[in-house]
Amino acid sequence: MQIKSYVGFFTGLSLFVSFCCLSAAKPIAQLFEGAVSYGVLGVMYMMAFLIPTVLLQQTVRVPKSLLSRVCLKLSTVQVIYFVFWSSLFIAVAGFFADYLLLHIFTENWLSKMMSTTVFTLHMPRLVRFVIFLVLIPIFQEVYLRGALLSAHEAYANTGVCILLSGFCTLAMPNAVGNWCSAFLIGCLCAYVAFAFDCIWFAVMVQICSNASRYLLMWIADTYSPLGVWEIFLFISVLLLLLFLFLACRSLEPLLLGKRILHFQKGHIWKETSTLFLNSGFAAFIAAVVLKNILQFI
């Protein structure tokens, strides 16, 4: 029990450090001008994931078998197909869920979604692509699905760890207004990282999902005067069914070939309560709540 409390405190503390660094990244970058601000922003985002990764590595003993998932591994075409199609399914499902949620609670929902993305940052498109769709997903997955998930997984139920990983992705500052997408992408990243014992599939999920989501928002913003929303629901359902079918079809040979790891079972509450009920995780939750309250004041 003492070991779990120790692990829970430092994993919560690492989340708090990461959240604070991400929250401070944009204000600090705005102190500079031109290309320097882009570099500062990229470095701040990367450090927001590298610092807590080093913190966990130095304080929490994670089995080497779990840390090995940060290494590149050879894969089959079926695995790549499954990750790709499931990423597209999650991207469309999350976008549709965010649309419904924000459409209910806000009048100009698209502006709210766009205001929380990289589209609001005045920088060249190539720079945005490299920083937000390539570099940040790599460092984010090294921390969230490499160090953090491995630390939780060593002491807790796998299913709970996947849900917690989705919540951590949801709680990050850049997920405001995109809660459903962030949670679903986080859960899928955690699942593929666990199932195939490699975080690079989670990086692929991040890149495919985010690129698809940004493409959907660009189409929505560009063609909304033409009445694209009149057929949005119909198109979304068709895409969801198509991507779900392709993902399930690519998953079938993996299940039959026993290529996917099985979940660790256990008493959920007994095994996980001490990981979350501690001062480190409480500080992280308090920072998330305060940040979101200030965001909407």
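This is a predicted model: local features need pLDDT of at least 70, side-chain atom pairs count only at pLDDT 80 or more; totals for chains, interfaces and linings use all residues.
**The whole chain**

Read along the sequence, the pattern is α-α-α-α-α-α-α-α-α-α-α-α. Of the 297 residues in the chain, 49% are buried.

**Stop one: Tyr6**

Select Tyr6, which sits in helix α1, residues 2-29. Is Tyr6 buried or partly exposed? Its relative accessibility is 42%, and Tyr6 therefore counts as partly exposed. The line spans 8.2 Å, although Tyr6 and Leu275 are 269 residues apart in sequence.

Next select Phe19, Phe281 and Phe284. These three residues form one aromatic cluster. Across the whole structure, a search finds 8 aromatic pairs.

One of these pairs is Phe82 with Phe196, so select those two residues next. Their rings are arranged edge-to-face, with 6.2 Å from centre to centre and 65° between the planes. The edge-to-face label applies because the angle is over 60 degrees. Where in the chain do Phe82 and Phe196 lie? Phe82 belongs to helix α4 (residues 77-105), while Phe196 is in the loop between α8 (179-195) and α9 (199-223). The pair thus links distant parts of the chain, 114 residues apart. Phe82 is buried at 7% relative accessibility, and Phe196 is buried too, with a relative accessible area of 9%.

**Stop three: the cysteines**

Show the cysteine side chains. How many disulfides does the structure hold? The count is 0. Take Cys20 as an example: the nearest cysteine sulfur, that of Cys21, is 7.0 Å away. A disulfide needs two sulfur atoms within 2.5 Å, so Cys20 is in no disulfide. Cys20 is partly exposed, with a relative accessible area of 32%. Select Cys198 as well; this residue is buried, at a relative accessible area of 2%.

**Stop four: Glu141**

Move to Glu141, in helix α6. Is Glu141 buried or exposed? With a relative accessible area of 0%, Glu141 is buried, since the cut-off for that term is under 20%. Show what surrounds this side chain. Apart from neighbours within four places in sequence, Glu141 is in contact with Gly146, Cys189, Ile199, Ala202, Val203 and Gln206.

**Stop five: the cavity**

A search of the whole structure finds 1 cavity of 30 Å³ or more. About 40 Å³ of space lies in the largest cavity. Which residues line the largest cavity? Select Leu144, Leu148, Leu149, His152, Cys161, Leu164, Ser165 and Cys168 to see the lining. Helices α6 (125-153) and α7 (158-171) each supply at least two of the lining residues. By type, the lining divides into 6 nonpolar residues, 2 polar and no charged.

Conventions. Residues are numbered from 1 along each chain as its sequence is written. Side-chain values use heavy atoms; hydrogens and water are left out. On a 1 Å grid over the protein atoms alone, a cavity is a set of points where a 1.4 Å probe fits but cannot get out, and a pocket is an open set with protein on both sides within 12 Å along at least five of seven lines; lining residues have an atom within 4 Å of a point. Grid points are joined across faces, edges and corners, and a volume is the space filled by probe spheres set on the points. Helices (H or I, at least four residues) and strands (E, at least two) are DSSP runs, numbered from the N terminus. Ala, Val, Leu, Ile, Met, Phe, Trp, Tyr, Cys and Pro count as nonpolar, Asp, Glu, Lys and Arg as charged, and the others, Gly among them, as polar. Buried means under 20% relative accessible area, exposed over 50%, partly exposed in between (1.4 Å probe, protein chains only). Contact means heavy atoms within 4.5 Å. Rings of Phe, Tyr and Trp (its six-membered ring) pair if their centres lie within 6.5 Å; planes under 30 degrees apart count as stacked, over 60 as edge-to-face and the rest as tilted.
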